[in-house]
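Please read the following briefing alongside the sequence and the model. The points are grouped by topic.

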Amino acid sequence: MFHCGMRQMEEKHVANQVDLMVWSNRLDLLALSNFKGEVQVHRLHWQKVWNLPPPKDNIVVDSMAWRPDGKALAIGYNSGTVCIIDIEDKEIIDKYDFAYETSEEFYMANNYGIPCITWAVKSGNLESALEYNVYDDPSIFLPNPPSPSNTYKNQGVEDNIKSCHDTIDQTQLSMLMIAYGSGNIYMSVFGRYPYGTIHLSHITKDDYGEYKILDINLSEDFSVMQVLYLDKTTNTINLSLVNTSVLSAYAEELFTVATRHGQIVSLLTHLDRTMISITEAWEHILLEMDTKMAYYASSVAEGGVSADLLELLMLGVPSDELEVFLLQELTAKGLKKFGNSVELSYSTIQKLVLRQLNIIGQSVTYHLAELRGLTRIPDRYKVLCLEEKMVTEAIRASCAFLNKCLELQQVIDVSMRNYKAFFRWLFVVIVRLLDEQTSSEIVKITQQELTHIAEFLYNFDNVHEENTESPTERPVKFNLERLGQYLLDEDLTILPDDEDNPWHKFLKENSCLLKENDTIFSMLEFKKFSLVQQQNHLKISVGKIFDVRIKDVAKYFSVLYNLKLNEYQNKLTKEHLRISQIFDANEERFMMAFTDSEHMTEGIKFMSVNIKDRICIATASKFSISSCLLRDNIDIPEKDLSILDLQFYSPEYLSVLVNHPSIEDCTIFIQVPLKIVLENSTEFNMKSKSLVFNEKVVRRNISPQLDVSVYKVLDKMDGFRIAVSGGRKVAVVLSNSHRKVRVFEMEINGEDEDDETLDTTPLSQGTNASENQSTPDKHNVQDITF
């Protein structure tokens with residue numbers, strides 16, 4: 001006897017129509033989307049956690065999937081964008097764009113949306129995650145990068161970013177699979193490391209087919225993948241079994257590379273924030289002086305700024321224009337304050353370069369070196385499509401970035417020295433022009449300081465704008481200091497002196513190191529690079545390592561079986577098709593069920609594939625549920641009940657929602673025992689080319705075999721869609737208006753049932769009971785903004 005308790009928890013009316021509903025299997029959380037494209041997360045008792053608006057107007061949600069640990073939610077939009085959302089603060093962890101697929105033949109860009117997202121988890125813990133590995137913890141050798149603060153005041157341990165090791169803290173391997181385009185499946189380890197993309201043409205051996213993936217499921221050991229898809233050309237629902245044993249055999253390697261990838265990406269993200277902090281510190285104060293001096297430069301002849309200031313430095317007599325500029329635009333008090341601010345800004349940038357960029361660059365180099373070490377292990381990492389050449393290039397890019405940071409540090413030191421002397425001298429000049437007294441200590445300028453100031457002034461007009469229409473009409477670009485050129489995405493205008501660079505000195509003294517070495521190099525090719533260009537080069541080089549477009553992962557997968565399930569004369573739509581899959585780990589079998597609301601006479605189509613010992617044995621059946629399920633209602637003529645929705649609750653039960661045979665605003669929630677369905681299934685030859693659900697598979701009415709305890713009449717609930725979770729023992733039913741939901745707690749024990757189990761009474765009594773049970777209190781029914 002099959003018995004399953006069911007108790008109503010909440011009933012709510014929502015302001016906006018609900019579309020999709022997905023339960024978390026780890027936490028008592030329900031994710032819902034509405035027709036406005038918003039996503040909302042609720043707790044079991046309908047406490048709202050957060051609301052997420054769509055990325056753009058007129059965009060709706062196509063599919064959703066929870067990360068196995070329940071800490072993130074993947075949302076696929078009909079625009080082709082997928083966002084991975086942190087469940088705690090609804091921040092975007094990752095974002096993918098599969099917007100368009102271009103047809104070379106017709107020169108058209110087609111948007112197929114994201115019809116399916118699956119986030120599978122592999123059984124068993126990863127040894128690599130449980131065992132401590134000294135190489136996984138770079139903090140032993142390098143400190144964690146501090147927070148990219150501009151002030152560095154009161155910075156404590158809490159200001160440090162999370163350790164890179166925390167980016168992937170799961171002990172089980174998970175795989176995010178996103179369906180997009182005309183049959184593409186994008187695969188990502190932990191939803192972070194891009195493993196690669198396969199296309200259904202690899203399965204069907206038809207490069208010209210147009211497909212829509214309906215659902216994807218992986219076996220618990222990741223050795224077999226089952227894909228349900230629609231062939232749009234023939235209007236046929238197909239099922240493919242794919243050998244993915246490479247994912248199972250190399251799970252440890254996948255985890256290792258995914259961990260390295262997560263650490264590197266985290267560091268590069270931190271690098272972006274640090275560069276923003278450096279740029280802001282520079283722009284905050286230095287551009288003000290630069291703008292004023294550039295304004296003066298535009299009013300004098302080319303080279304006039306340097307000439308005027310050098311003449312003032314040597315003779316002490318300013319030109320009329322320079323004197324006016326100094327007295328009107330600059331004041332002694334403001335200049336002194338400005339000089340202090342410049343010194344503070346330089347000091348902040350210096351700390352950021354020393355304490356952040358160098359640490360991040362070294363950490364990136366460390367993890368890249370670990371990756372290159374993996375690529376040199378024969379065979380084991382070839383399936384991950386890691387190329388040693390690309391990793392080596394990324395290491396070179398990281399080393400070049402570190403060298404550019406060293407170069408910038410030298411520029412900062414020289415600029416600090418020149419600025420102090422320049423502002424002190426300019427301050428004295430303005431004070432003299434104002435006929436004010438100055439202390440003798442301020443007036444004193446050493447010969448060395450005089451030389452530094454002269455060199456500083458000489459370079460003021462030494463830069464011209466590029467990309468103008470006429471070379472003879474290139475406007476002068478005033479250059480007050482050399483730091484700013486490193487923070488622009490363009491070549492350096494004033495090249496550094498390599499004689500003081502420790503790296504160049506070292507290579508000059510040890511030239512033998514450059515011979516036949518794939519890592520140590522002179523870096524002359526990056527001499528004109530700014531720091532921003534060097535950072536972009538590093539990001540591009542790292543990106544190439546993990547670029548899925550150059551990965552051919554499909555060659556490691558093979559097709560076991562490709563079956564045609566059912567053919568339709570009319571075009572199938574998303575609204576009419578209801579489909580669900582599950583993998584039974586105990587029996588090592590896939591189970592699949594689907595129905596089409598436009599072909600209700602065929603009932604529910606069910607199929608199972610046992611993959612135990614890699615001997616695939618498949619069974620199929622068609623079954624319907626009739627009004628004789630309500631046995632005690634003799635006044636109801638027997639007829640097949642319309643299937644509204646279905647979803648696997650667990651490997652033991654298939655949850656089905658059907659229309660009530662006589663009451664319009666009632667529906668029936670049924671927990672169909674899969675044991676009965678399997679007993680009514682027939683084995684078939686998987687090598688056959690004919691349709692699986694052909695006329696030989698006879699539709700059977702299983703209602704007489706269902707116990708009265710496996711259904712519940714939902715009074716005053718014209719249901720439309722369900723979402724269930726056997727893991728959390730919960731269910732939710734959405735009304736046909738899309739504006740009312742009922743939440744149920746499942747599998748309650750006898751003491752807690754309180755007469756709210758699935759109906760075991762005649763309909764008349766059951767209806768009365770439902771009125772008492774299902775009609776919520778006034779405080780439980782409310783309109784909420786969704």
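His42 has Lys48 in strand E5 as its bridge partner, and E4 (residues 39–43) pairs with E5 (residues 48–52) in the antiparallel sense over four bridges. Two strands are said to pair if DSSP finds at least two bridges between them, while helices (H or I, at least four residues) and strands (E, at least two) are DSSP runs, numbered from the N terminus. This is a predicted model, in which local features need pLDDT of at least 70 and side-chain atom pairs count only at pLDDT 80 or more, whereas totals for chains, interfaces and linings use all residues. Residues are numbered from 1 along each chain as its sequence is written, and side-chain values use heavy atoms, with hydrogens and water left out.

- E4 is mostly covered, with four of its five residues buried; buried here means under 20% relative accessible area, exposed means over 50%, and partly exposed lies in between (1.4 Å probe, protein chains only).
- On its other pairing, E4 runs antiparallel to E3 and is joined to E3 by five bridges, with Arg43 as the bridge partner of Leu29 and Val41 standing opposite Ala31.
- E3 and E4 form a hairpin with four residues between them, and Gly37 in that turn has a positive phi of about 90°.
- Strand E2 (residues 18–23) also pairs with E3 in the antiparallel sense, over five bridges; Val22 stands opposite Ala31 in this pairing, and the hairpin of E2 and E3 has five residues between the strands.
- Strand E3 (residues 29–34) is itself mostly covered, as six of its six residues are buried.
- In a regular strand the side chains alternate between the two faces of the sheet. In E3 both faces are covered, with Leu29, Ala31 and Ser33 buried on one side and Leu30, Leu32 and Asn34 buried on the other.

**Salt bridges**

- The count of salt bridges comes to 16, where a salt bridge is a side-chain nitrogen of Lys or Arg within 4 Å of a carboxyl oxygen of Asp or Glu.
- Arg7 forms a salt bridge with Glu745, and the closest N and O atoms of this pair are 2.9 Å apart. Because Arg7 lies in strand E1 (residues 6–14) and Glu745 in strand E32 (residues 740–746), the pair ties together parts that are 738 residues apart in sequence.
- Both partners of that pair are partly exposed, Arg7 with a relative accessible area of 22% and Glu745 with a relative accessible area of 25%.
- Arg728 and Asp28 meet through their side chains in a salt bridge (2.9 Å, N to O). This pair links distant parts of the chain, 700 residues apart, with Arg728 in the loop between strand E30 (719–725) and strand E31 (730–735) and Asp28 in the loop between E2 and E3.
- Arg728 counts as partly exposed at 29% relative accessibility, and Asp28 is partly exposed with a relative accessible area of 29%.
- Arg260 and Glu370 also meet in a salt bridge (3.7 Å, N to O). Arg260 lies in helix H4 (residues 251–298) and Glu370 in helix H7 (residues 332–375), so this pair ties together parts that are 110 residues apart in sequence.
- Arg260 is buried, with a relative accessible area of 3%.
- Glu393, Arg396 and Glu525 are linked in a network of salt bridges.

- In soluble globular proteins, nonpolar side chains tend to be buried together.
- The largest nonpolar core has 109 residues, and those with the most contacts inside this core are Tyr195 and Trp425. Helix H8 (residues 388–433) supplies the largest share of this core, 21 residues.
- A nonpolar core is a set of buried Ala, Val, Leu, Ile, Met, Phe, Trp, Tyr and Cys residues joined through side-chain atoms within 4.5 Å.
- Leaving aside neighbours within four places in sequence, Tyr195 is in contact (heavy atoms within 4.5 Å) with residues including Met187, Val246, Leu254, Leu384, Lys551 and Phe557.
- Another core, of 29 residues, lies apart from the largest one, and its members include Leu630, Val656, Val677 and Ile702.
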